[in-house]
Amino acid sequence: MRLIDSILSSSHLSRATSLQITGTTVPNPLLDPYTANTYTTYVKEGLKGSGPVYSLIAIRANAFAEARFTWRDIDTKENIGRQGLEALYMPWPNGTTSNLLKKIEIDVSLAGNVYIRKLPGRVEVLRPDKIQIVSGMREDKSIDLLGYVYWPDGVNQGHRIALLPDEVAHHIDMPDPHHPSRGMSWLTPVAREVDADTYMTRHKSTFFTNAATPALKLKTEKTLNREQKKELMGQFEDRHQGFQNAYKTVLLDGGADLTVLGSDFRAMQFDKIQAAGETRLAAAAGVPPVVVGFLQGIQAATYSNYAQAMRRYGDLTMRTRWRDVAGDLQSIVDVPDNAELWYDDTDIAFLQQDALDEAEINAKKADTLASLIHGGFTPESAVDAVASGRFGNLEHTGLVSVQLQALRSPGEMPPEYPADLTVNERRALDGLGPIEGGDAIYMPATNIPAIEVA
């Protein structure tokens with residue numbers, strides 16, 4: 001129960017006598033450290049010690065690293081370039097945006113918190129177990145963020161670096177209800193599942209180490225003393241224990257009897273039990289089981305299911321994460337007027353289905369817009385109606401298409417046209433330019449039979 005023990009040992013807010021932050025003495029500050037044992041345990045027992053946990057974090061990190069940052073106009077919601085974002089595109093020497101996003105995802109999975117420090121022309125991701133959040137309490141008991149303390153050698157060890165709020169971008173995935181100033185790892189609610197999966201893996205290893213058989217009971221007719229039992233057990237284990245002795249024939253004499261204790265993997269439905277735990281881990285991580293390749297996801301997998309799972313993963317997990325991290329990073333970049341830091345998902349392969357759906361939606365909007373304009377509504381009101389969905393604000397020009405006008409005989413003058421019009425006057429009313437010699441009176445053709453209307 002190592003993960004559970006590390007959670008229970010997490011400390012709460014503590015108070016220091018005073019603290020120096022950039023030359024200012026803060027009396028009685030509140031310190032909120034993220035305990036080192038929890039983070040290091042999650043790294044050792046989770047990321048490096050559990051196959052399912054590693055797979056989930058790897059899937060999240062690889063998908064999260066696909067995005068790029070850009071500026072977006074607040075009003076039009078259009079991308080307006082990435083000038084001034086050099087620190088995020090090369091966060092450290094030879095570093096890339098992908099490297100930065102992977103570090104952010106790994107820290108947020110293992111610690112629930114990411115601290116990105118602003119430096120001249122670059123940024124630095126600080127280890128979350130070496131950060132203390134510094135807060136101050138007002139007279140009304142409300143708490144204000146005052147800054148952060150970074151301990152390069154570990155909390156309360158060596159020298160410390162005090163940082164102001166605008167020098168650090170603090171990103172969280174899920175807020176911790178017990179500690180409002182910091183976040184919670186998605187591993188916390190499923191720590192027991194991680195422990196159970198670890199024990200099952202060890203059980204499986206022990207099973208094969210013991211010749212892939214359950215425990216055995218050896219019964220003899222003779223009463224043996226302790227030394228005789230020990231010698232007999234040693235001889236039996238030397239001959240039959242271990243994978244190298246699997247399938248050997250057991251020869252018993254003297255009325256001895258051999259009984260199998262416990263159940264094998266099939267009897268205990270080992271694969272289903274382990275798969276159920278993996279599915280619960282995937283649910284906590286926000287990754288559909290079919291995407292990460294877990295058993296229960298593969299058994300129900302089809303091409304359609306996989307596409308739907310990827311869409312759910314992109315819409316409900318990744319897009320939310322990209323939006324949140326872009327908002328948090330705004331505190332350490334210079335934001336242009338009327339703009340916001342946003343993510344660019346143009347080249348992300350697993351979101352291409354969303355791009356196809358968006359293209360189909362735009363095509364339908366264009367068809368609707370053309371129908372409205374052809375129906376006589378003003379282009380401006382038609383565009384606004386399609387964009388906003390408020391069709392009650394449509395404005396009509398008073399003009400209708402020819403299909404809605406009354407039928408008349410060929411050559412018959414429309415009732416609103418005087419009969420003594422010249423050719424050029426008629427053409428002007430029809431929106432056409434004049435022709436040479438067109439000053440004669442317009443005479444409708446009389447040799448075309450009239451259309452009889454029933």
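Student: What makes Arg-117 and Glu-124 a salt bridge?
Tutor: The closest N and O atoms of Arg-117 and Glu-124 are 3.8 Å apart. A salt bridge is a side-chain nitrogen of Lys or Arg within 4 Å of a carboxyl oxygen of Asp or Glu, so the pair qualifies. Before we go on: this is a predicted model, where local features need pLDDT of at least 70 and side-chain atom pairs count only at pLDDT 80 or more, while totals for chains, interfaces and linings use all residues. Residues are numbered from 1 along each chain as its sequence is written, and side-chain values use heavy atoms, with hydrogens and water left out.

Student: Why is Arg-117 called buried?
Tutor: Its relative accessibility is 18%. Buried means under 20% relative accessible area, exposed means over 50%, and partly exposed is in between (1.4 Å probe, protein chains only), so Arg-117 counts as buried.

Student: What about Asp-176 and Arg-182, which salt bridge distance do they have?
Tutor: It is 3.9 Å, N to O. Asp-176 and Arg-182 are both buried. There is also a network: salt bridges that share partners join Arg-60, Glu-105, Asp-173 and Arg-321. The structure holds 13 salt bridges.

Student: Why do such side chains pair at all?
Tutor: Side chains of opposite charge can pair when their charged atoms come close.

Student: What makes helix H5 largely enclosed?
Tutor: Of its 14 residues, 10 are buried, so the rest of the structure largely encloses H5. Among the buried ones are Thr-97, Leu-101, Glu-105 and Leu-110. By the way, helices (H or I, at least four residues) and strands (E, at least two) are DSSP runs, numbered from the N terminus.

Student: How do you know that the span of H5 is close to the expected one?
Tutor: The expected span is 1.5 Å times one less than the number of residues. For H5 that expectation is 20 Å, and the helix reaches 20 Å from its first C-alpha to its last.

Student: Which residues of H3 meet H5?
Tutor: Ile-57, Arg-60, Ala-61, Asn-62 and Phe-64 do, and their partners in H5 include Leu-101 and Ile-104. Contact here means heavy atoms within 4.5 Å.

Student: Where is Ser-50, and is Ser-50 buried or exposed?
Tutor: Ser-50 is in the loop between helix H2 (36–47) and helix H3 (51–64). At 4% relative accessibility, Ser-50 counts as buried. Leaving aside neighbours within four places in sequence, Ser-50 is in contact with Glu-45, Val-194 and Asp-197.

Student: Why is Asn-94 called exposed?
Tutor: Asn-94 has a relative accessible area of 76%, which is over the cut-off of 50%, so the word is exposed. Asn-94 lies in the loop between H4 and H5, and its phi is near 65°, a positive value in a residue other than glycine.
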